[in-house]
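I opened the model to look up a few features one by one. My notes are below the view.

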Amino acid sequence: MERQKEQKQGPQMGIGLETLPSCVLITAILPKLELESLCSLACVSTAMNSSVSQALSSLPSLNLSAFSANAQILSCIVGGCRGLNSLTLNCLRLDDSSLAVILGAHLQELNLLCCSLMSYQVLASIGEACPNLRVLVLELVDQESPQAFKINLDRMLNGCLCLESLSIKIRWRGVGANPLQPFRFFLPKTLKSIKLQPVLEEDVIHFTSLNDAFRNYLPTANVSTPVSKSSFGFALQRLSLVLDVISDQLIVVIGICDNLVELDLEDRPIQEPLPNHDLTSVGLMSLASNFRLKGLSLVRSRQNCQVSFKGVDDMGMFVFSKYCTTLESVRLYGFSRVSDAGYASVLQSCQNLKKFEVRNAFLMSDLAFVDLTRFSCSLVEVKLLSCCLITCETVNQLTSSGVLEVLDLYGCRSIADSCLISIASLHSLTMLNLSGADISDYGLSVLGKGNPPITHLCLRNCKGVTDEGVLLLFLGGGTIGKTLSSLDLGHIPGISDKAVLTIAVAGTEITELCLRYCSSMTNSSLEALATRKQYRDDCKLLRRLDLFNCKGLSADSFRLLKRPFFPGLHWLGMGNTRLNSKGCPALSEIGYERPWLMICLDGCEMGCHDGWQFHRAP
């Protein structure tokens, strides 16, 4: 009976909408609906199909990154949208041939993410079809030779002479360190923003990569002409690179860019850099000559080996912060020799600082944040990742201003319940990450009674949290129970069916839920989530669900993945569970029945944003 009722409501809604004037329907109502709802309405009647098509064709921008559409869905949605100026796609299921329906001279911004099936030929196709493109973002996999990449990239750049922003990231499918290939090409002089991943530091320094790239784009350019200050960097305002190593020489070369406003450098060394081929305090101090810099990110990744910036100390940080007072955003990863004094100098000197992010700062403690309120900087976003000496004292200092919107304390194991009292008093906090913190059900009860309108909460690896804490979080009478849309309870042994039932009933705004490694969950949890609309008709649809390594789920619960359960689900992580024991035919049947749903079996984090190049679809 319930299913029949739901089936009747769809056509009835469509018939009701059809009675409205077409101009109101097309311009005021249909553009506000979600894509799945529009597709359902298009099936109601020929007239409604026409109205939906007109509504889609009038959209100036379209973002389809929340799910990975197949070629058929993409053609239906975007095929008639010839008025689009901006388009963003998750391309996990798309190949080169799928793009023919979307490319055209009307596009000014194109973002193609997670292109695991596309070849470098897509670059040439974009250059031929999109002459007016101003913003281009591409995430590709390393499938062919560097020469094939260069040929196709040159063809793209010859066709897209209006480019102002270019981002190209190439992921490698192999095991171990990425084989960095040089980017050797000319770029249009119109570019204001460049992001390249990966690129070799040696190429930058010896003018075989960026120095060539930053010259004015001319087909007859004389590449033997020395790079001058006027030709290097031209109008460049934002530069982002992922390299093999960051060195003093690299910083000096980049310093030629007079107009640089944002600098984002990340390196991934495969071994400890030599002292004379590394970033030191001297290189950091050379940035002090750039008085326009507003955003700085210097990251030493430990992806390939346990390394840090051992050549930078407090003195380098003192001089740098004294002159770079215009900074509004700072991100520093891997500065193992910088202590409280160095970090405090940045916080106290940069009066316009709004975002402060540090990782693996082994010498930074609460002393770096003492008397923070005496200085004029009002931090809006703070991320202190894997900073083992940080305690609740720092949190109390940070929350005293009352303007904090993002607080990420991932891996800060000394954070405890006591600081949640000050966090609960904030009125603008929307994102809170307490992963690995020493908090308990009592802390969640305090948060559940508080004021912050938190939409994203991560409690992963908080071993002191149980079902009771989740109950107090949602039913405490505070703001969070009405605003929370994304919740991560992964790796918590005390989470069972009782907590999931609480979320299904009381978490009306929840659209993303991570329960990976929650082995105490059973089929009852999955059923509660699959049928949550029966408990609360006003609850939002669940879009992403991570069940990786939930051993308590049996193969019998596989039926809950079929219609009509989980309406609106876009992503499901179910690797290493009994749910995939039915085999590929059953999963393929689900994929055919629910083309909007991406099922991940590889243990990717939610959405497959990292590791998508290894993704194997069922």
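This is a predicted model: local features need pLDDT of at least 70, side-chain atom pairs count only at pLDDT 80 or more; totals for chains, interfaces and linings use all residues.

**Strands.** I began with β7 (residues 238-243) and β8 (residues 262-267), which pair in the parallel sense over 6 bridges. In this pairing Arg238 stands opposite Glu262 of β8. Between β7 and β8 the chain passes through helix α10 (residues 248-254), and the β-α-β crossover is right-handed.

I then followed β8 to β9 (residues 295-300); these two strands run parallel and are joined by 6 bridges. Glu262 has Gly295 as its bridge partner in β9. Here the chain crosses through helix α11 (residues 281-286), and this β-α-β crossover is right-handed.

**Cysteines.** I looked for disulfides and noted 0 in the structure. Cys604 is buried, at 9% relative accessible area. I also checked Cys539, which is buried at 2%.

**Salt bridges.** My count came to 18 salt bridges.

- Asp154 and Lys150 form a salt bridge with an N to O distance of 2.8 Å. Both sit in helix α7 (residues 146-159), and because they are 4 residues apart, about one helical turn separates them. Asp154 is partly exposed at 23% relative accessibility, and Lys150 is partly exposed at 32%.
- Glu272 and Lys310 meet at 3.7 Å, N to O. This pair links distant parts of the chain, 38 residues apart: Glu272 is in the loop between β8 and α11, and Lys310 is in the loop between β9 and α12 (314-323). Glu272 is partly exposed, with a relative accessible area of 35%, and Lys310 is partly exposed at 45%.
- Lys498 forms a salt bridge with Glu468, with the closest N and O atoms 3.7 Å apart. Lys498 is partly exposed at 45%, and Glu468 is partly exposed at 34%.

I also noted one network, in which salt bridges with shared partners join Arg460, Asp488, Arg516, Asp546 and Glu605.

**Surface patch.** Last, I looked up a nonpolar surface patch of about 250 Å², made by Leu501, Val505 and Tyr535. Tyr535 lies in helix α21 (residues 532-535) and counts as partly exposed at 43% relative accessibility.

Notes:
Residues are numbered from 1 along each chain as its sequence is written. Side-chain values use heavy atoms; hydrogens and water are left out. A disulfide is a pair of cysteine sulfur atoms within 2.5 Å. Buried means under 20% relative accessible area, exposed over 50%, partly exposed in between (1.4 Å probe, protein chains only). Two strands pair if DSSP finds at least two bridges between them. A crossover is right-handed if, with the strands pointing away from the viewer, the path from the first strand over the helix to the second runs clockwise. Patches are made of residues with over 30% relative accessible area and no salt bridge: like charges are joined within 9 Å, nonpolar side chains (Val, Leu, Ile, Met, Phe, Trp, Tyr) within 5 Å. Accessible areas come from the Shrake-Rupley method with a 1.4 Å probe; for residues, only the protein chains shown count as cover. A salt bridge is a side-chain nitrogen of Lys or Arg within 4 Å of a carboxyl oxygen of Asp or Glu.
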